[in-house]
Amino acid sequence: MTSHSTDDTPQAGSHGPAGAHAAPDAHAMASRRLVTALGRVLPVERVVSDRDVVASLSSDDAEWAPVGRALAALRPRSEAEVAEAVRVCADLRVPVVPRGAGTGLSGGANAVDGCLVLDLSRMNRVVEIDPDDLTCRVEPGVVNDDLKAAVAEHGLWYPPDPASAPWSTIGGNVATNAGGLCCLKYGVTRDYVLGMRAVVGGPAGYGSVVRLGRHTAKGVAGYDLTGLMVGSEGTLGVVTEVTLRLRPALRGTPRTVVGAFPDLVSAGRAVASVTRSGLTPAALELLDRACLTAVEEWKHLGIEADAEALLLARVDTPGEGGAAEAQAVVEAFGDGDPLWAVVSSDDDEAEALFAARRIAYPALERLGPVLTEDVCVPRSQVPAMLASLVDIAGRHGVRMATIAHAGDGNLHPLLLTPPGDDAAREAAQHAFEEMLDAAIALGGTVTGEHGVGLLKRDGLLRELDPLAVAMQRAVKDALDPLYLFNPGKVLA
């Protein structure tokens, strides 16, 4: 139940920066002022000021990113309520930090000091499904898997499928331009966003609602402001509705190719071989022994980790063409000198392996604090990047587990540290930054799908051309001159 309270006792254990509690009365007064102003224009039950509830809404899953102390939270049910909240916050100069399910891994949804947390998870309607035009309109709080189920009833499919699809929301997926297991063949979130509605500021006026994009399959009318909003991590406005492209549902049962390898670099050579052979499976995923062991100890799926790394490829081409493609993937795996590589004949076993891939992160998170990387390199550089990861982790004495959307070069080394071990934590942070630099040196990027948030801001500056950074700052200045929307994220 939503709690509405004006209890202003300072919150113990806040994760805000040093000095954040120097004037607790000032924070209490600002909180009361915001709550009162919101209560004048919005249903009072939407406003949350209970300290514990606000704290629970103040961070995403990036455990190591800093968290500020919010003044209050709001759980709007409509676009009109979001617009009213933004107007109030603009008048009071209170930052607005949007969030969905909080499954992000970069701190992009973390509160900043003195902000309003805007929890959009209750704006969760599938507004329209149009089977004729292969589109749908949804609110930002719709969960990815719920959308997939809704459109499947019409014989349709929404392809973007981050591993967090059972929990993550479309609004969050749009904010980070989320990818997923099948983006190798079918693309990422931006490829499916045709248009949107958003509450913005700047030249439109804070609290204004703007319609961006289109409903047609094609269109180049003006600058692509829709594409600009996708991946902007809530720094340019609050998305309140999204128009998405859909595809006809796939037919038949996909084939799964499994390869076991003696080490990560060998698996990387196999990935490069698949690309060099001109093959495009629907998915090409990597898991190392540490991930498989953690999943098995947690969920007991019956998976035996008999290799240092597994590659899982999914081929969804129907008929004999699919059979030939799957066999070609097996042959390409041969360039990595696998212990074995086969087309799976056991659908249940294949599903268990893909299930293990999806839950690898929470399985490892159970073991202690996890710092999650999200580097992406050209596919030909996957072997070199995997070798760098092993080297960096070894030099810093950091325990590493690795999962990857290997087919598109998006690698997720997970750095594990014992709880309460500050030295191990510092070592992991140094390794984290070195991994970013290694990816940049290979022509890659510091984030493939998780976003910059708070954790990758320095890496972003090392990756981008300084003139490109200046252009991005100019966009922020023009569209959000008050720096109201998710300030301090992406570009510090």
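The model is predicted, so local features are described here only at pLDDT of at least 70 and side-chain atom pairs only at pLDDT 80 or more, while totals for chains, interfaces and linings use all residues. Residues are numbered from 1 along each chain as its sequence is written, and side-chain values use heavy atoms, with hydrogens and water left out.

Let us start with the salt bridges. A salt bridge here is a side-chain nitrogen of Lys or Arg within 4 Å of a carboxyl oxygen of Asp or Glu. By this rule the model has 21 salt bridges. One of them joins Arg-46 to Glu-81, with the closest N and O atoms 3.0 Å apart. Arg-46 sits in the loop between helix H1 (24–41) and strand S1 (47–48), and Glu-81 sits in helix H3 (residues 79–92), so this pair ties together parts that are 35 residues apart in sequence. Helices (H or I, at least four residues) and strands (E, at least two) are DSSP runs, numbered from the N terminus.

Are the two partners buried or exposed? Arg-46 counts as buried because its relative accessibility is 15%, and Glu-81 is buried too, with a relative accessible area of 11%.

A second salt bridge links Glu-351 with Arg-314, whose closest N and O atoms are 2.9 Å apart. Glu-351 belongs to helix H11 (residues 347–358) and Arg-314 to strand S14 (residues 309–315), so a helix and a strand are tied together by residues 37 apart in sequence. Glu-351 is partly exposed at 45% relative accessibility, whereas Arg-314 is buried at 18%.

Next comes the bridge between Arg-462 and Glu-433, where the closest N and O atoms are 2.7 Å apart. Here two helices are involved: Arg-462 lies in helix H15 (residues 457–463) and Glu-433 in helix H14 (residues 422–441), so the pair ties together parts 29 residues apart in sequence. Arg-462 is partly exposed at 36% relative accessible area, and Glu-433 is partly exposed at 26%. Salt bridges can also share partners: in this way Glu-45, Arg-46 and Glu-81 are joined into one network.

Now turn to the surface. Tyr-223, Leu-225 and Leu-228 form a nonpolar patch there, with about 350 Å² of accessible area together. Patches are made of residues with over 30% relative accessible area and no salt bridge; like charges are joined within 9 Å, and nonpolar side chains (Val, Leu, Ile, Met, Phe, Trp, Tyr) within 5 Å. The areas come from the Shrake-Rupley method with a 1.4 Å probe, and for residues only the protein chains shown count as cover. Leu-228 is part of helix H7 (residues 225–229) and is partly exposed, at 33% relative accessible area.

Leu-228 also leads us to a pocket. On a 1 Å grid over the protein atoms alone, a pocket is an open set of points with protein on both sides within 12 Å along at least five of seven lines, a cavity is a set where a 1.4 Å probe fits but cannot get out, and lining residues have an atom within 4 Å of a point. The second largest pocket has a volume of about 730 Å³. It is lined by 32 residues, and those closest to its centre are Leu-228, Gly-231, Ser-232, Gln-472 and Val-490. Helix H16 (466–479) gives the largest share of this lining, 4 residues. Grid points are joined across faces, edges and corners, and a volume is the space filled by probe spheres set on the points.

Finally, look inside. How many cavities of 30 Å³ or more does a search of the whole structure find? There are 2. The largest cavity has a volume of about 40 Å³, and its lining includes Asp-61, Trp-64 and Tyr-361. Strand S16 (residues 370–372) supplies the largest share of that lining, 3 residues. The second largest cavity holds about 30 Å³ of space, and among the residues lining it are Leu-184, Pro-281 and Arg-379.

Definitions and conventions:
Buried < 20%, exposed > 50% of the residue type's maximum accessible area, 1.4 Å probe, protein only.
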